[in-house]
Amino acid sequence: MKKLLACLLTIVSAMLLASCQPSNEAKNPRVKLASLKKMIEHKFERFPVLEYHHIKRPEARWSRTPENFRNDLQWLYDHNYYPVNLKDVLTGFEGLPEGKVPVVLTFDDSPANQYRYLEDGTLDPECAVGIIKAFHEKHSDDWPMRATFFILIRTNDKNKNAFGHPERLKQLVDWGMEIGGHCYSHERLSEISTEAARYTLARASKAIEELSGQRPVSMATPMGLYPKDESVFSGKYQSIAYDYKLVCEVAGGFQPVPWSKNFNPLHINRIQAIDSEWQRFFYNNSKAPHKLRN
Ligand SMILES: [Zn+2]
């Protein structure tokens with residue numbers, strides 16, 4: 001019976017893949033085969049990309065308390081999830097342990113409460129990075145330090161300019177985390193010209209590369225606003241080449257896996273990490289990805 005099911009799954013998968021929109025990847029038969037293998041191997045079709053802003057008290061629309069953030073990590077850990085960076089989507093989650101479901105923790109706007117040191121030079125145990133690091137140290141084998149920070153470069157609030165300490169971005173990368181873009185100054189991409197959109201995207205990419213040592217491959221659109229011309233996410237502005245391969249929305253629910261026909265790299269869905277969304281998507285959801293199919 002199991003063999004028959006596996007065989008059926010293979011046929012259905014092949015049919016699904018054949019019906020995929022032609023993309024550069026789909027044209028490559030090796031990628032197709034790898035996708036097919038993943039479809040059969042992994043028992044999830046969707047995964048969560050969680051969206052955080054402030055980590056501070058009290059709990060509010062755009063703030064998660066340190067306690068609730070710790071509880072979120074514990075809940076994910078207890079329910080079969082494994083943290084990855086958003087860019088791991090590009091490798092089809094290479095290295096994901098068997099039986100685990102990937103989760104991406106994303107943080108927008110780079111306020112200081114996401115990454116801060118205390119006066120004595122120690123990492124603030126109440127900031128997002130402090131909480132992630134402590135959780136990793138407690139569960140070093142199955143909770144690596146992975147998270148994706150969509151940072152700002154220059155705004156009127158200097159505590160939001162790369163956490164107020166741009167020189168510290170390299171440390172996040174050294175710990176295994178990812179730095180992504182969020183435009184240079186939080187520009188609304190739907191309201192500016194194509195030229196201006198390319199300018200802010202290129203400038204932000206260049207600054208992140210200089211500060212972190214890595215050119216960003218992912219970003220989140222400020223306020224989820226998209227430009228009319230979505231080709232602006234990759235290319236060149238004057239002499240600056242940039243390439244945001246993965247672009248996040250502010251909402252949308254669970255994200256289809258990269259080997260799904262519904263995968264659109266320029267519209268990655270996210271779930272806002274607030275109580276109502278946790279209830280809706282995780283606690284009360286019989287179709288959540290952690291309830292793996294047999
Ligand atoms: Zn933002």
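The model is predicted, so local features need pLDDT of at least 70 and side-chain atom pairs count only at pLDDT 80 or more, while totals for chains, interfaces and linings use all residues. Numbering starts from 1 along each chain, following the sequence as written.

**The core**

- The largest nonpolar core holds 63 residues; such a core is a set of buried Ala, Val, Leu, Ile, Met, Phe, Trp, Tyr and Cys residues joined through C-beta atoms within 7 Å.
- Buried here is a matter of counting: 20 or more other C-beta atoms within 10 Å of a residue's own, with C-beta atoms placed from the backbone.
- Leu 50, Val 103, Ala 128, Phe 149, Leu 201 and Tyr 244 have the most contacts inside this core.
- Helix 6 (residues 194–212) gives the core its largest share, 6 residues; helices are DSSP runs (H or I, at least four residues) and strands are too (E, at least two), numbered from the N terminus.
- Which residues does Ala 128 touch, leaving aside its neighbours within four places in sequence? They are Tyr 52, Ile 55, Phe 69, Phe 107, Gln 114 and Tyr 115, with contact meaning C-beta atoms within 7 Å.

**Helix 3 meets helix 4**

- The axes of helix 3 (residues 66–78) and helix 4 (residues 128–138) come within 10 Å and cross at roughly 35°; axes are lines fitted to C-alpha atoms over the stretch in contact, and angles run from 0 to 180 degrees between N-to-C directions.
- On the helix 3 side you'll find Pro 66, Phe 69, Arg 70 and Leu 73, and they meet Ala 128, Ile 131 and Phe 135 of helix 4.

**Strand 14**

- Strand 14 (residues 268–272) is largely enclosed by the rest of the structure, because 4 of its 5 residues are buried.
- Strand 2 (residues 49–52) runs parallel to strand 14, joined by 2 bridges, and Leu 50 has Ile 271 as its bridge partner there.
- Strand 12 (residues 246–252) also runs parallel to strand 14 with 2 bridges, and Gly 252 is partnered with Arg 270.

- Most residues other than glycine have a negative phi, and most peptide bonds are trans.
- Arg 57 and Pro 58 are joined by a cis peptide bond, with omega about -5°.
- Ala 162 has a positive phi near 50° and is buried, with 24 other C-beta atoms within 10 Å.
- Cys 183, in the loop between strand 8 (178–181) and helix 6, has a positive phi of about 70°.

Notes: Buried ≥ 20, exposed ≤ 12 C-beta atoms within 10 Å, placed from the backbone. Contact = placed C-beta atoms within 7 Å. Pairing = 2+ DSSP bridges.
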